[in-house]
Each structure stands twice: as structure tokens, then as C-alpha cells.
Amino acid sequence: MKQLLIIGIGAGDPEYLTVQAINAMNRADVFFLMDKGAAKDKLIQLRRDILQRYVSRSDYRIVAAESPERVREGDYTGQVRDLNQARQQVFERLIEDELQNGQCGAFLVWGDPSLYDSTLRILDAILRGGRVSFDYQVIPGITSVQALAARHRVPLNAIGQSVQITTGRRLAEGFPANAESVVVMLDAEDTYRQLDDPELEIYWGAYVGTPDEILRSGRLVEVGDDIQRTRQAAREANGWIMDTYLLRRAPKDA
């Protein structure tokens, strides 16, 4: 039986890796790296650096494959469904051709495999298809949400209150009713600029945990423009951006 390890490698800092993740990496014979193009070479290099730093065995192989791009036409759900189907074909080929029975392969997933990542959905779809057989284990990682809160030194939730994790597309529908704290991911449109509540605070971070890390915080009405300018400049300088932010209502005694 082929074995797969789906390893969360954290939000950017190689020291975010857990002991469990390091031990898992040292079990792998083959590491599958998905190449997302020259603009994101740093993400591939980070994975290679992590392997060089933490894997003590010298007989592992790295197999890189080009990651399909999302076709940005039609509705978003359909775009993601088509993307995952294309990625499923790539994953299935890698597992079938590059991994022998009895061997262990690994996918290194940015952050944690359970949060806004489709690797687990894709693997389940492959198993349902029945053409390739394998077993797999999931190793959790530190998410950008955890890293963001740590870098800003703030709790995610108010005392006795919940925290909601959503996307920029959902935030565009309005700040969630009865929510005190909202973490927003995958916001390509600076959706926070649509909110005019003077009581909202924002804790924003881009490339959290990496040498390119940028942090901003304050009342949204006061720092929103600066975040937007900073975000645009960072995107232009790096060719891509990965950011997350926490919105919360200011404490009553603030």
C-alpha cells in the first residue's frame, strides 16, 4: 500500500514546524512540490529550505509538478471546482507514477491542510475514483490566523465571544451580524474598505512569518488607506501577496 503524508508546514517561518511535522518529513521517500510559477518561486524555495534543514535522511526525492491555474471566468465556485479537478489529475499522476507500493510520499501544505486548502478534498476524490489506492495521514500546522494573532499580540476573540473565519467575498456581503471578531482570508479586493464602522479595529499582516512580513493595525477608518497602499506596493514588488486580517470591535473602554 502506498502511504501519503499531508503535512502542514506553517505560515512562513521554518520554525513554525511542529516536532510531529519534522518526524513525518523524515518518514517520506518522495516529496511532491507544486510549482505555481516564477512569481511564487520563494514558496518553492522555502519548502526546499525546510527539507534541507529538517530532513536528516539523504535518500529522499523531490518531484516538482506545475500547478494548474484557476481560470477566472464564470462563477467562483465553478472556477474552484474546475481547478480542483485539474489538480486532481496532476496529483493522481504523481501518486501513480512517482510512488511505489510500500513507499511514503508527502505534500507540504502551507499553513494547515484543514483551512482554505483543497488537498484533502482532492485526495478523497482520487480515492473515490478508485484508479489509485493509498492511505494517508494529516499532520496539522500553524495557520496564518494563529501567526497573525501572535505577531500582533492579540487574542482572536473577546471574552466569552466567538470568532468567525470568512473570506473577502463573504465580507463583501456585510460585516457578519452579531459578530465581534472576524478573521478574513483570501481577500483580493481590499473589501475592508467597504466598511465604515468607526468602532472596528483591524490587525493586518502580509507574508506573516517570512522575511517580507508587513504588519499594520489600528482603527480601520484611520489605517485602512495606508493598508491599501501598502498592500498594492507589496503586490507590485513581489508579484503576489498573501495576507490575512482580523477585524474586531474596539473594547468599550478603549
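**Entry 1: helix α4.** I call a residue buried when its relative accessible area is under 20%, and exposed when it is over 50%. I kept in mind that this is a predicted model. I looked up α4, residues 119-129, and found Thr 119, Ile 122, Leu 123, Ala 125 and Ile 126 buried. Viewed down the axis of α4, these buried residues fall within an arc of 160°, so they line one face of the helix. A handy reminder for myself: an α-helix has 3.6 residues a turn, so residues three or four places apart point the same way. On the face turned away from the buried side I found Arg 121 and Arg 128, both exposed.

**Entry 2: what covers α4?** I found that the cover over its buried residues includes β1, α3, β4 and β5.

**Entry 3: the sheet.** I traced an open sheet of 5 strands in the order β3-β2-β4-β1-β5, paired in parallel. β3 and β5 stand at the edges with a single partner strand each, so one side of each has no neighbour in the sheet. Between β1 and β4 I noted 6 bridges, and Ile 7 has Leu 108 of β4 as its bridge partner. α4 packs on this sheet, touching β1, β4 and β5, and its direction makes about 165° with that of β5.

**Entry 4: the cores.** Which residues have the most contacts inside the largest nonpolar core? I found Ile 7, Met 25, Ile 202 and Leu 247, in a core of 44 residues. Helix α2 gives the most to this core, with 6 residues. Apart from it lies another core of 19 residues, Ile 122 and Phe 134 among them.

Methods:
Residues are numbered from 1 along each chain as its sequence is written. This is a predicted model: local features need pLDDT of at least 70, side-chain atom pairs count only at pLDDT 80 or more; totals for chains, interfaces and linings use all residues. Side-chain values use heavy atoms; hydrogens and water are left out. Buried means under 20% relative accessible area, exposed over 50%, partly exposed in between (1.4 Å probe, protein chains only). Helices (H or I, at least four residues) and strands (E, at least two) are DSSP runs, numbered from the N terminus. The arc is that of the directions from the helix axis to the C-beta atoms. Contact means heavy atoms within 4.5 Å. A nonpolar core is a set of buried Ala, Val, Leu, Ile, Met, Phe, Trp, Tyr and Cys residues joined through side-chain atoms within 4.5 Å. Two strands pair if DSSP finds at least two bridges between them. Axes are lines fitted to C-alpha atoms, for helices over the stretch in contact, and angles run from 0 to 180 degrees between N-to-C directions.
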